[in-house]
Structure formats: C-alpha cells, structure tokens
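Open the model in your viewer and keep the selection tool at hand. We will go stop by stop.

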Amino acid sequence: MENKQLIELIHTVSSSKLTEFQYEENGIKIGMKKECQVSIPQVKVEEIQINDEMEEETNEGKIITSALVGTFYTSPSEDAEPFVSIGDAVKQGQTLAIVEAMKLMNEIESEFDGVVEEIFVENGQAVEYGQPLFRLK
C-alpha cells in the first residue's frame with residue numbers, strides 16, 4: 001500500500017462512524033481505533049426549579065414504596081385483620097403489608113414513625129418496584 005492510499009484510508013476511517021478498523025495486506029497489518037466520547041446532557045436551571053416544586057408538593061407525607069415486583073397483601077391471610085388501616089399510628093420497623101414475589105412472602109416495613117394517611121394499593125393488586133404503597137404523616 002502506498003503512502004497516498006494509506007493517508008486516504010486513515011481519512012476515510014476517521015470520518016466514518018467506525019470505532020475500530022483492521023486491515024492486512026502482504027504481511028503488513030494496520031489497525032486503527034477511535035476513542036469514543038460520551039456527551040453528558042446539560043441540565044437547565046428551570047428544570048431543577050420545577051423538580052424542587054414537585055418535591056415540595058409530595059413532602060406532605062412520607063412515602064413507603066415497594067421494594068420489589070409482586071402481589072400486594074394487606075394481611076397475613078385472607079381471614080386475618082389488615083396489618084394497618086388509615087389513621088393507625090405505626091413505628092419504624094413495623095410490618096405494614098406483604099408483597100408476594102415468586103412464592104416468597106416479603107414484609108413491607110415502615111421506614112418511619114408516623115400515622116397512616118393513605119394506602120395507594122388495594123389487597124391482591126400487582127405492584128411494581130418503586131411504586132408508592134403508603135403515605136405516612
């Protein structure tokens with residue numbers, strides 16, 4: 001390969017979207033590799049202010065979310081009383097509900113002391129990871 005062809009090859013690979021290129025001819029090997037640059041999006045000040053305003057609205061209580069995907073149960077069995085009801089005072093670590101995932105019963109415990117102000121999910125309903133379950137005040 002002549003110098004002119006080599007320079008043309010380098011320019012062609014450089015201007016393409018290829019990140020790596022290997023070429024071999026008559027026992028001569030040429031390898032080229034580009035460093036990938038990752039661009040980080042810029043956050044606008046307006047967006048931060050909007051998020052702060054939304055956070056203030058949800059600060060009316062402490063939210064307990066689901067730690068896993070599964071089925072939500074308010075009591076340990078069908079004929080048992082619910083773990084908690086709206087208006088009940090709860091302590092940190094107290095069981096609020098159960099989420100069944102893959103035949104395992106996982107207790108949802110309160111992360112805070114407070115009073116149950118709202119229950120977002122009904123008994124037997126499917127829940128997602130991070131889905132709000134309770135609001136405590």
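The tour below moves from confidence to sheet, core, loops and charged pairs.

**Stop 1: confidence**

Colour the chain by pLDDT before anything else. This is a predicted model. The chain averages a pLDDT of 79, and 81% of the residues score at least 70. Now select residues 47-58. Here pLDDT stays under 50. For that stretch the model has one contact beyond four places in sequence.

**Stop 2**

Show the cartoon. Four strands make an open sheet, in the order 7-6-4-9, with antiparallel pairing. Which strands sit at the edges? Select strand 7 (104-109) and strand 9 (126-127): each of them pairs on one side only. Then go to strand 4, residues 70-73. Strand 4 pairs with strand 6 in the antiparallel sense, over three bridges.

**Stop 3: the cores**

Select Phe-72, Leu-133 and Phe-134. These residues have the most contacts inside the largest nonpolar core, which has 14 residues. Strand 6 (95-101) and strand 10 (132-136) are the elements that give two or more residues to this core. A second core, of five residues, is separate; Val-13, Phe-21, Ile-30 and Met-32 are among its members.

Return to Phe-134 and display its surroundings. Beyond its neighbours within four places in sequence, Phe-134 is in contact with residues including Ile-64, Phe-72, Val-84, Leu-96, Val-116 and Phe-120. Lys-62 and Glu-118 are also among the contacts of Phe-134.

**Stop 4: two loop residues**

Select Ser-75, in the loop between strand 4 and strand 5 (89-90). Is Ser-75 buried or exposed? Its relative accessible area is 10%, under the 20% cut-off, so Ser-75 counts as buried. Draw a distance from its side chain to Ser-77. A polar atom of the Ser-75 side chain lies 2.7 Å from the backbone oxygen of Ser-77. Leaving aside residues within four places in sequence, Ser-75 also touches Ala-80, Glu-81, Pro-82, Phe-83 and Ile-98.

Next, select Tyr-129, in the loop between strand 9 and strand 10. Tyr-129 counts as exposed, at 63% relative accessibility. Not counting residues up to four places away in sequence, Tyr-129 touches Ser-66, Ala-67, Leu-68 and Val-69.

**Stop 5: the salt bridges**

How many salt bridges are there? The count comes to three. Select Glu-117, Glu-118, Arg-135 and Lys-137, which are linked in a network of salt bridges.

- Arg-135 and Glu-117: the closest N and O atoms are 3.2 Å apart. Arg-135 lies in strand 10 and Glu-117 in strand 8 (residues 114-119), so this pair ties together parts 18 residues apart in sequence.
- Arg-135 and Glu-118: the side chains meet at 2.3 Å, N to O. This pair links strand 10 to strand 8, across 17 residues.
- Glu-117 and Lys-137: the closest N and O atoms are 3.9 Å apart. Lys-137 is in the segment after strand 10, 20 residues from Glu-117.

Arg-135 is buried, at 18% relative accessible area. Glu-117 is partly exposed at 29%, and Glu-118 is partly exposed at 27%. Lys-137 is exposed, at 64%.

Notes. Residues numbered from 1 in each chain as written. Predicted model: local features only at pLDDT ≥ 70, side-chain atom pairs only at ≥ 80, totals over all residues. Heavy atoms only, no water. Core = buried A, V, L, I, M, F, W, Y, C linked by side-chain atoms within 4.5 Å. Buried < 20%, exposed > 50% of the residue type's maximum accessible area, 1.4 Å probe, protein only. Contact = heavy atoms within 4.5 Å. Pairing = 2+ DSSP bridges. Polar contact = N/O pair within 3.5 Å; in protein donor to acceptor, adjacent residues only side chain to side chain. pLDDT = per-residue confidence, 0-100. Salt bridge = Lys/Arg side-chain N within 4 Å of Asp/Glu carboxyl O.
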